Amino acid sequence: MNERNIATIYYTSRFQKSVRSLPRFVQAAFLSKESLIRENIFHPNLATHKLHGKYKAYYALTVTNHYRIMFEFLTPNSILLIDIGTHEIYK
């Protein structure tokens, strides 16, 4: 199993806008998982996986059953959160 600590998290303006429009329970779920993301981005509870096709440069992780975060590694220990939402973020 991979294990990687994340020292720095950057947020796109698109991500910040999407977070503000999410239901409160999803916002809370994201905030509770943010520390887990920093501790180990590949923790099993995050279900982190590499994307394919036109998003092959990116990864995704699970916030709730229906909400995901799309991100990319900038360095081995820093990430850029690109968007958060349902599978609609991949369209």
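Tyr59 is buried, and so is Phe71; buried means under 20% relative accessible area, exposed over 50%, and partly exposed in between, with a 1.4 Å probe and protein chains only. Before going on, a word on the model: it is predicted, local features need pLDDT of at least 70, side-chain atom pairs count only at pLDDT 80 or more, and totals for chains, interfaces and linings use all residues. Residues are numbered from 1 along each chain as its sequence is written, and side-chain values use heavy atoms, with hydrogens and water left out.

Now the rings. There are 9 aromatic pairs in the structure. Rings of Phe, Tyr and Trp (its six-membered ring) pair if their centres lie within 6.5 Å; planes under 30 degrees apart are stacked, over 60 edge-to-face, and the rest tilted.

One of the pairs is Phe42 with Tyr59, edge-to-face, at 6.4 Å centre to centre and 75° between the planes. Phe42 sits in the loop between helix 2 (24–39) and strand 2 (49–50), and Tyr59 is in strand 3 (residues 59–62), 17 residues apart. Helices (H or I, at least four residues) and strands (E, at least two) are DSSP runs numbered from the N terminus. Phe42 is buried, at a relative accessible area of 14%.

Tyr59 also pairs with Phe71, this time stacked, at 5.7 Å and 25°. That pair joins strand 3 to Phe71 in strand 4 (residues 68–75), 12 residues apart. Ring pairs link Phe42, Tyr59, Phe71 and Phe73 into a cluster.

Last, Thr62, also in strand 3. Is Thr62 buried or exposed? Thr62 counts as buried because its relative accessibility is 16%.
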